[in-house]
Structure formats: C-alpha cells, structure tokens
Amino acid sequence: MNEQIIHNPVIDTLLDRRSIRAFKPGPLGDDVVATLERVAQQAPSSQYLNDWSAIRVADPALKERLAAIGGQPYIATAPLLYVFVADEHRNTAIAAAKGVDPAGDAFTLDGSYRFSQAQNDAVLALHAMETAAYSLGLGCVVLGSLLNDVDGLVDALGLPALTYPVLGLAIGEPDQEPALKPRMPRTMQFFEDAYPADDASLLAGLPAFDEEVHRYYDLRNTDRPVDAFSDQIAANAVAPMNGRVVRDSAARQGFHLDR
Ligand SMILES: Cc1cc2nc3c(=O)[nH]c(=O)nc-3n(C[C@H](O)[C@H](O)[C@H](O)COP(=O)(O)O)c2cc1C
C-alpha cells in the first residue's frame, strides 16, 4: 500500500484540526458568519430533504444558560455558537400545505429512519462549517455536552415538535495551542472488504496506541497524564447516562423511534 499522503490546503486544514476550547473575545465579521452558514448549507442531505436547521446563539444570557446545561464555561465565551437541530418540523409544514396529513398512517417524517437521517444531515452540515472555520484560521469545539439536558435545551431554544437538538458548535479565534490528539493506527479503523474476523488482529495496534495517548498532553487536565485509550474506553463503557435516554426525549418532541 502506498503510504504517501497528498498535501493541499484543504487536506492540511483537516489534518491539522484539533478542538479549541479557549477563544479570543470579539465578534466575528458578518462575512465570516455568512460564509460559514452558506458552506454548511452545501453539505449533502439525505434524499435532499434538507432536514436540519441551526440556531445561532447570540444572546449572552442564553449562552450562559447553555454553558450551564453543558457544564462547560467555555461555551459561554464562544464568539459564535450554534446548535444544530434535526428538523422535520419545517418539512411537516411543507408537506401539510400540500395536503399530507401528519396524523395519518402514511406519515413517516416522525419515524426512526428520518430521525437518524436528519441527525446525519445535521452532523455533515456542522462538520462542513467546522472545516470552513478552521480554513479561516478559526478554531472550534463540537458540543455534545448540550445534550446533558435535552428538555432544557429544547425549552431554552424554543424548539418545536419534530425537531431534536443534535450537537453544538463553538467557534472563535483560538486563544490556546493544544497539541494534536493522537489517532489510532489506520489499520485498526480501516478494513478491506470485511470486518476483521478475530479481535486479536483488530486490537494488535492497541498497546502502542495506549502508550501514545497516555503521553498526550491535555490542556484541560494539565496536572495529570491522560489515561490510556483502553482505560478511557473501559470507563466510558460503564459511565452513567444521567437521563440521556434519546427515546424518551425524542418522544416528547413527537418522534416515534419504535417505527
Ligand atoms: C459528537 C461529539 C461531541 C463532543 N462533545 C464535546 C463537548 O461537549 N465538550 C468538549 O469540550 N468537547 C467535545 N467534543 C470534542 C472531543 O472531545 C474531541 O473531538 C476529541 O477528544 C478529539 O480531540 P480533538 O478534536 O482535539 O482531536 C465532542 C466531539 C464530538 C465528535
């Protein structure tokens, strides 16, 4: 296999990306906002349903509320803050105007397949925006922590039925220089034609990767070394989910994940 990596500005932007959690103050220009939003819109969309939206959070008090939900103070300091939302509300209104009955048996925009595809669409749009932001010299962090309290987030953002928050994205000029975080050997993540039949070959590169992760210097916890990857995974495998039951909050938003 040819191990050579091709370099160009797009690839180098992607290879150089790392999460940024400290931002210089100050608003970003309207042209930056317009560019990032337009780029996000150009992401692919399942069946061209365009079933995502994004809320730009500008109100400082609302930013603080979201930071409290996420338990991460830097959320409130982001000059640009978005919450990407899976959105079948708009399409339901569009279809209803065309005579479709949202309460009818034939209606599927509230089902599990559209719920997961709308999430995919939202994530792809967010990632396009993130990459564009890095290409402009900005930095970002994706915010799953906002889903600590989906109902609180729904309330804070006034999200209507058949919408569901997917992820936040904080953007700004970096005020820190974190190291690139290691990634596992490519052979542990890319397979040819079929998934490896035995876990021994699947995990062959793990000890060396554990060591590499252990050596990574995390600006968030500068007083202690980072746990080996295996230890992080083992801890996460039994982490309490604290009410993060998607089925229940999705049902409150009108989605039926059992169909
Ligand atoms: C779905 C998702 C949710 C995330 N949520 C958070 C978050 O709530 N807060 C945070 O600081 N980082 C969050 N991150 C960033 C990850 O911690 C980060 O991408 C990972 O540790 C790898 O580090 P790197 O981005 O610097 O390479 C999230 C990333 C993803 C993809």
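Helix H5 (residues 89-97) lies across strands S1, S2 and S4 (163-172), and runs at about 45° to S2. Contact here means heavy atoms within 4.5 Å. Helices (H or I, at least four residues) and strands (E, at least two) are DSSP runs, numbered from the N terminus. Axes are lines fitted to C-alpha atoms, for helices over the stretch in contact, and angles run from 0 to 180 degrees between N-to-C directions.

This is a predicted model, in which local features need pLDDT of at least 70, side-chain atom pairs count only at pLDDT 80 or more, and totals for chains, interfaces and linings use all residues. Residues are numbered from 1 along each chain as its sequence is written, and side-chain values use heavy atoms, with hydrogens and water left out.

The sheet is open and has four strands in the order S1-S2-S4-S3, with antiparallel pairing. Two strands pair if DSSP finds at least two bridges between them. Strand S1 (52-56) and strand S3 (139-143) stand at the edges with a single partner strand each, so one side of each is left without a neighbour in the sheet. On average, neighbouring strands of this sheet are turned by 25° against each other, direction ignored. S1 pairs with strand S2 (residues 80-87) in the antiparallel sense over five bridges, and Ser 53 stands opposite Val 85 in S2.

The ligand has 15 residues around it, of which Arg 17, Ser 19, Arg 21, Tyr 74 and Lys 181 come nearest. A residue counts as near if one of its heavy atoms lies within 4 Å.

| Residue and atom | Distance to a ligand oxygen atom |
|---|---|
| Arg 17, polar side-chain atom | 2.8 Å |
| Arg 21, side-chain N or O atom | 2.6 Å |
| Ser 145, polar backbone atom | 2.9 Å |

Taken alone the ligand exposes 620 Å², and the protein buries 69% of that. Accessible areas come from the Shrake-Rupley method with a 1.4 Å probe; for residues, only the protein chains shown count as cover.

Definitions and conventions
A polar contact is a pair of N or O atoms within 3.5 Å; within protein, one must be able to donate a hydrogen and the other to accept it, and residues adjacent in sequence count only if both atoms are side-chain atoms.
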